[in-house]
Amino acid sequence: MNRIIKKIAVLGSGVMGSRIACHFANIGVEVLLLDIVPKDATADKKSRNKIVNDALDFALKSNPSPIYRKAYAKRITTGNFEDDMKNIAACDWVIEVVIERLDIKKQVFENVEKFRKPGTLITSNTSGIPIHMMTEGRSEDFQKHFCGTHFFNPPRYLRLLEIIPTPKTSPEVVNFLMHYGELYLGKTTVLSKDTPAFIANRIGVYGIMALFHLVEKMGLTVEEVDKLTGPVLGRPKSATFRTCDVVGLDTLVHVANGVAATCPKDEAIDAFKIPGFISKMVENKWLGSKTEQGFFKKIKGANGKSEIHVLDLKTLEYKPSEKVKFATLEATKSIDNIRDRMKVLLAGKDKAGEFYRESFYSLFTYVSNRIPEISDELYKIDAAMNAGFAWELGPFEAWDALGVADTVKAMEAAGKKPTQWVYDMLASGAASFYKAENGTKKYYDIPSKSYKTIPGTEAFILLDNIRANKTVWKNSGTTITDVGDGIINLEFHTKMNSIGGEVIEGVNKAIDLAEKSYRGLVISNEGANFSAGANVGMIFMMAVEQEYDELNMAIKAFQSAMMRVRYSSIPIVVAPHNLTLGGACEMSLHADKVVAHAETYMGLVEFGVGLIPGGGGTKEFALRLADELQEGDVELNNFRDRFLTIGQAKVSTSAAEAFDLGYLRKGRDMIVVSRNRLLTEAKAQCIELAEAGYTQPVQRKDIRVLGKQALGLAYLGANTMKSGNYISEHDEKISRKLAYVLSGGDLSTPTVVSEQYLLDLEREAFLSLCGERKTLERIQSIITGGKILRN
């Protein structure tokens with residue numbers, strides 16, 4: 001069956017429902033969002049739709065936004081269950097997201113069956129109610145097309161989508177949802193069993209509950225735990241207790257109680273018992289963000305400013321947050337690779353090391369015992385934790401990093417033996433849960449005692465799987481990999497993937513190799529961010545030492561590398577994701593094509609550190625301005641928009657918004673929603689450019705700039721802002737420099753200039769600002785404040 005999703009219905013507009021609706025709107029699907037009619041509603045439709053309209057409005061105003069672009073919200077139509085349920089007949093998929101009560105869900109499904117057309121998908125977003133119980137009494141067609149689809153909050157940003165079929169769900173439906181979720185929604189789709197809390201919440205909530213008990217046992221503080229369980233472990237900054245506040249303590253307790261009630265044979269059932277301090281917090285309604293206090297509470301300080309206080313878990317009183325330091329964490333500061341870092345963390349001799357050994361050994365024992373209860377395959381547990389809880393390493397991946405055999409011995413010594421199949425695996429000669437073979441990541445299959453390819457990954461190009469055997473060249477900051485079919489890939493692996501001398505060397509080397517022996521080049525990587533921009537620390541050091549000749553050469557080298565990206569003899573495709581700032585944005589601006597992940601946050605942010613874009617970014621905005629200009633007033637309007645985009649250091653909140661800001665080009669650049677497919681698609685686009693007869697472009701000498709006409713407008717605006725105390729004197733100076741380059745200098749009339757002319761103006765302005773004390777103070781503040789490399 002060729003199933004196409006053009007329109008969906010979302011039943012229930014609460015926190016999850018409204019945001020699921022937004023994410024479908026993000027990918028171009030028409031959405032019907034329905035909810036109940038208020039008890040006090042009048043006959044007026046606005047009154048009858050108040051609940052759904054208020055919920056959607058609240059979601060659209062939330063931060064981070066659930067929508068790629070505000071205009072996409074127009075794809076969502078609202079209504080209510082009583083007046084508009086009949087309209088689901090025009091929908092291809094109906095998603096139920098009402099309150100977590102089986103009786104209410106059954107009532108909704110009874111009503112749905114009156115109007116849905118046969119063959120329509122019907123799924124539930126329940127996080128814990130057994131899926132098979134919801135279809136009792138429903139028709140055969142309903143049961144055949146029914147499934148659990150468990151999104152994680154927020155649906156736009158957390159990539160997990162658990163697919164939970166019943167025994168009566170059609171295999172075609174399961175296969176479709178697995179494929180659609182990954183390709184169109186950008187999800188990591190994990191096929192889950194219909195067991196309590198499914199996969200991710202079963203493991204994740206166990207981990208949190210076990211940690212609550214460990215905190216009591218070891219006398220740890222909120223600050224200590226969040227320091228130990230955040231980015232140092234490859235996990236979100238919200239770590240443990242901030243995450244609990246966001247999710248809501250009542251939600252965690254509900255899931256924990258549900259597991260305890262429905263899994264009496266779980267060997268770790270005691271971990272799901274609610275500790276005393278948690279019970280007291282729930283009793284006090286200290287549930288987290290929803291009640292404005294949980295483990296953290298915002299209060300007004302003596303100076304009238306807001307302060308964040310933390311809960312003392314012993315006294316249950318709030319107190320100012322305290323700095324936390326552990327020797328073990330200090331020892332890992334120079335270790336960027338999370339797998340290498342794990343060994344140091346668990347080897348620690350202080351309280352931190354004890355905490356890690358206790359928590360990870362317990363976790364490893366627990367996940368080994370969950371197979372085959374919640375999953376027959378171990379990779380599904382890792383995939384669920386990677387995508388649902390944003391863990392860089394899932395439990396089995398972390399175990400691999402530590403060494404399976406050695407860790408088992410340590411677990412035995414600690415009284416935390418894993419289950420028998422782990423011993424059987426080691427006895428069979430298999431030393432790890434995963435291995436890379438012929439560019440494919442394989443997992444250990446327990447029944448067959450052999451390694452199998454992870455289903456669905458065969459079509460993905462993942463650098464981690466091929467780097468070992470396909471590296472063509474590398475230096476300290478980059479690696480060039482042969483990704484097949486005459487295409488090579490350049491990846492960065494510096495701190496925050498910042499662009500310094502080693503990356504510039506890598507760019508030039510990659511282009512040299514591609515021009516000599518390959519058909520094209522892709523620039524992409526698998527880091528947390530594509531790149532946070534140029535290495536401002538290097539710029540700072542040169543400026544402080546007044547090494548302006550060296551700084552001039554460094555800027556010129558950066559500009560030259562970007563111009564090579566634009567004017568090489570082979571096609572170059574840049575595939576950014578997440579942070580793509582400053583120099584990384586400039587690299588994207590010069591590519592033949594950009595294949596951007598939907599979650600790309602792109603911007604020329606140099607103004608924030610007292611500079612203007614100096615790697616060709618200002619030049620490129622002047623060039624694009626010239627290409628879009630029409631004579632007359634619109635020229636100055638477009639100039640103003642481009643000027644403000646740089647001058648206000650605007651960063652897109654999505655790849656879609658990057659088109660609006662002029663960083664991406666309509667009709668040329670493209671968006672990919674699936675992160676796993678980014679490099680694969682970028683390679684395909686590079687091949688397409690090569691096979692279309694790619695010809696080396698000629699440098700532009702036909703760029704029309706506005707000169708004094710635009711310069712006067714910008715100077716007047718900057719002066720007005722300064723006079724009104726909206727910007728500082730230094731900001732006014734940067735604005736003038738920016739305007740000078742964008743307008744092509746102090747030209748008496750609009751004039752045609754070359755790219756090199758604009759690059760020279762840009763470099764001169766950048767250098768002059770590097771010598772400003774205020775600029776150096778801003779850069780130093782960023783470096784010392786831990787926000788390094790945001791240029």
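**Entry 1: helices α1 and α3**

I began with how α1 passes α3, and the crossing is right-handed. I noted the rule for handedness: a crossing is right-handed if the near helix is turned clockwise from the far one by less than a right angle, and left-handed if anticlockwise. Helix α1 covers residues 15-26, and it packs against α3 at an angle of about 65°, with the axes 9 Å apart. Axes here are lines fitted to C-alpha atoms, for helices over the stretch in contact, and angles run from 0 to 180 degrees between N-to-C directions. The helices themselves (H or I, at least four residues) and the strands (E, at least two) are DSSP runs, numbered from the N terminus.

Before going on, I wrote down that this is a predicted model, in which local features need pLDDT of at least 70, side-chain atom pairs count only at pLDDT 80 or more, and totals for chains, interfaces and linings use all residues. Residues are numbered from 1 along each chain as its sequence is written, and side-chain values use heavy atoms, with hydrogens and water left out.

Which residues of α1 and α3 meet? I found S18, R19 and C22 on the α1 side, and A55, L56, F58, A59 and L60 on the α3 side. Contact means heavy atoms within 4.5 Å. Sorted by class, the contact of α1 with α3 has six nonpolar, one polar and one charged residues. For the classes, Ala, Val, Leu, Ile, Met, Phe, Trp, Tyr, Cys and Pro are nonpolar, Asp, Glu, Lys and Arg are charged, and the others, Gly among them, are polar.

**Entry 2: α23 and two partners**

Next I looked at helix α22 (residues 536-544) and helix α23 (residues 548-566), which pack at an angle of about 150° with their axes 8 Å apart. That makes α22 roughly antiparallel to α23. My note on the words: angles under 35 degrees count as roughly parallel, over 145 as roughly antiparallel, 65 to 115 as roughly perpendicular and the rest as oblique. The crossing of α22 past α23 is left-handed. I539, M542 and A543 of α22 make the contact with Y548, E550, L551 and A554 of α23. By class, I have six nonpolar, no polar and one charged residues for this contact.

Then I turned to helix α21 (residues 501-517), whose axis comes within 10 Å of that of α23, the two crossing at roughly 30°. Helices α21 and α23 are therefore roughly parallel to each other. Their crossing is left-handed. From α21, the contact takes in I504, V507, N508, I511, D512 and E515, and from α23 it takes in A557, F558, A561, R564 and V565. The class count for α21 with α23 is seven nonpolar, one polar and three charged residues.

**Entry 3: salt bridges**

How many salt bridges does the structure hold? I read off 56. A salt bridge is a side-chain nitrogen of Lys or Arg within 4 Å of a carboxyl oxygen of Asp or Glu.

I looked up D660 and R69, a salt bridge whose closest N and O atoms are 2.7 Å apart. This pair links distant parts of the chain, 591 residues apart: D660 sits in helix α27 (residues 655-660), and R69 lies in the loop between α3 (50-61) and β3 (76-80). D660 is partly exposed at 40% relative accessibility, and R69 is partly exposed at 25%. The cut-offs: buried means under 20% relative accessible area, exposed over 50%, and partly exposed in between (1.4 Å probe, protein chains only).

K380 and E377 form another salt bridge, with 3.0 Å between the closest N and O atoms. Are these two buried or exposed? K380 is buried at 12% relative accessibility, and E377 is buried at 18%.

My last pair was D731 and R778, a salt bridge of 2.7 Å, N to O. D731 in helix α30 (residues 729-742) and R778 in helix α32 (residues 773-784) are 47 residues apart, and the pair links distant parts of the chain. D731 is buried at 16% relative accessible area, while R778 is partly exposed at 22%. I also noted one network, in which salt bridges that share partners join R202, D266, E267, R370 and E373.

**Entry 4: F639**

I finished with F639, which I found in helix α26 (residues 633-647). F639 is buried, at 2% relative accessibility. Leaving aside neighbours within four places in sequence, F639 is in contact with L625, L706, A710, A714, A739, L742 and S743.
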